[in-house]
Amino acid sequence: MPSVVIRDVSLNFGVVEVLKSLNLEVDKGEFLVLLGPSGCGKSTLLNCIAGLLDVSAGQIFINGRNVTWDEPKDRGIGMVFQSYALYPQMTVEGNLSFGLKNAGVPKDEIAKRVARAAEILQIEPLLKRKPSALSGGQRQRVAIGRALVRDVDVFLFDEPLSNLDAKLRSELRVEIKRLHQKLGNTMIYVTHDQIEAMTLADRIAVMRGGIIQQLDTPQAIYSRPKNRFVAGFIGSPSMNFIEGQLAQHDGTWVFEAADLRVPLATYPFQETNLSPRAATLGVRPEHVGLNTGEGWPFEVETSVEVVEPMGSDTLVWTKVAGHDFSVRMATERAPSAGQRATVGFDPLRASLFDAETGERL
């Protein structure tokens, strides 16, 4: 049985449609990430699951029970917010136990749950401190612990790491993944950070305009994005795009743009009834070779415009068919700006999209 089921859920604020007939099933023990740009509806959907917002239409089920109109406290969920929302006058121990005391949980059970959460999150030495004496990462651990002591099956995270610096985000990302592996609870996590999504998720739901654009594993979304929006949103640096035409040449499908002709004999088309049309070719910078001499199925001569050292690798910018085109490569092999270069890639690893609909071909 799925842990969380969303059926035809819509949410309107007046005449504005924020969520549009969403359907989603989250398996028991799954880590699902809701990913998308600001304003796409991901936090709104999470708040609907939590009961903080009433849906305009549709139903929400948690562990087989219809909770559409239940109060948040009755839904069997624990929630971690973007802001820590800790009580400044209470110690860490007081913050962890406050909700349990209000719910009438026996003292010995409260002590047991607080001790367990503190051990899992490695905050045992902090229990007697107040929030003002904690770092940002420690405060976020306490916020997670406050949800953890509720001993529920479903945890909801609303961009919990966005207020932290890059180093702390990286550390807590590992802690959250370790926490999920240890507990095995269902977790639904909202973020606009694709690195968080790719590293944490069992599956990712990429959202845009209140609609789920693609729901799949991180690797499937990265390798075979369903449409141009997903392709451009996932990946850092982002995918290269070239506008052109899908055409036939000597009985074989090719992609043409300016003086460029890319053979598509190895490309895995999804559409069976192909026809010539305007199309967009997408290639990830890490799937491109530069001056490799490997004899790629497709190669083009160009020149290096900008070189961006990134530490372990380097981003090299060129132009292909009049479009900016980046290549991610090992730093020790990177050329200098102004050098002539040969760019090559395998169309098997490219993505082709209908220029009108944006859907993958």
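A salt bridge here is a side-chain nitrogen of Lys or Arg within 4 Å of a carboxyl oxygen of Asp or Glu. The exercises concern a predicted model, in which local features need pLDDT of at least 70, side-chain atom pairs count only at pLDDT 80 or more, and totals for chains, interfaces and linings use all residues. Residues are numbered from 1 along each chain as its sequence is written, and side-chain values use heavy atoms, with hydrogens and water left out.

**Exercise 1. Describe the salt bridge between Arg328 and Asp313.**

Step 1. The closest N and O atoms of Arg328 and Asp313 are 2.8 Å apart.

Step 2. Arg328 belongs to strand 19 (residues 323-330) and Asp313 to strand 18, so the pair ties together parts 15 residues apart in sequence. Strands (E, at least two residues) and helices (H or I, at least four) are DSSP runs numbered from the N terminus.

Step 3. Classify the accessibility: buried is under 20% relative accessible area, exposed is over 50%, and partly exposed is in between (1.4 Å probe, protein chains only). Arg328 counts as partly exposed because its relative accessibility is 24%. Asp313, at 16%, counts as buried.

**Exercise 2. Describe the salt bridge between Arg203 and Glu30.**

Step 1. In this pair the closest N and O atoms are 2.4 Å apart.

Step 2. Arg203 sits in strand 9 (residues 203-208) and Glu30 in the loop between strand 2 (16-26) and strand 3 (31-35); these distant parts of the chain are 173 residues apart.

Step 3. Arg203 and Glu30 are both buried.

Step 4. For context, the search of the whole structure finds 13 salt bridges. Glu109, Lys112 and Arg113 are linked in a network of them.

**Exercise 3. Give the volume and lining of the second largest pocket.**

Step 1. On a 1 Å grid over the protein atoms alone, a pocket is an open set of points with protein on both sides within 12 Å along at least five of seven lines; a cavity is a set where a 1.4 Å probe fits but cannot get out; lining residues have an atom within 4 Å of a point. Grid points are joined across faces, edges and corners, and a volume is the space filled by probe spheres set on the points.

Step 2. The volume of this pocket is about 150 Å³.

Step 3. Its lining includes Arg328, along with Gln194, Tyr222 and Glu286. Helix 6 (residues 194-200) supplies the largest share, four residues.

**Exercise 4. Characterise the largest cavity.**

Step 1. One cavity of 30 Å³ or more is counted. The largest cavity has a volume of about 70 Å³.

Step 2. Helix 3 (107-121), helix 4 and helix 5 (166-183) are the elements that give two or more residues to its lining. Helix 5 gives the most, with six residues.

Step 3. Among the lining residues are Arg141, Glu175, Arg178 and Lys182.

**Exercise 5. Place Gln214 in the fold and list its surroundings.**

Step 1. Gln214 is in strand 10 (residues 211-216). With 7% relative accessibility, Gln214 counts as buried.

Step 2. Contact means heavy atoms within 4.5 Å. Neighbours within four places in sequence aside, Gln214 is in contact with residues including Ile204, Val206, Arg224 and Val230.

Step 3. A polar atom of the Gln214 side chain lies 3.3 Å from the backbone oxygen of Arg224.

Methods
A polar contact is a pair of N or O atoms within 3.5 Å; within protein, one must be able to donate a hydrogen and the other to accept it, and residues adjacent in sequence count only if both atoms are side-chain atoms.
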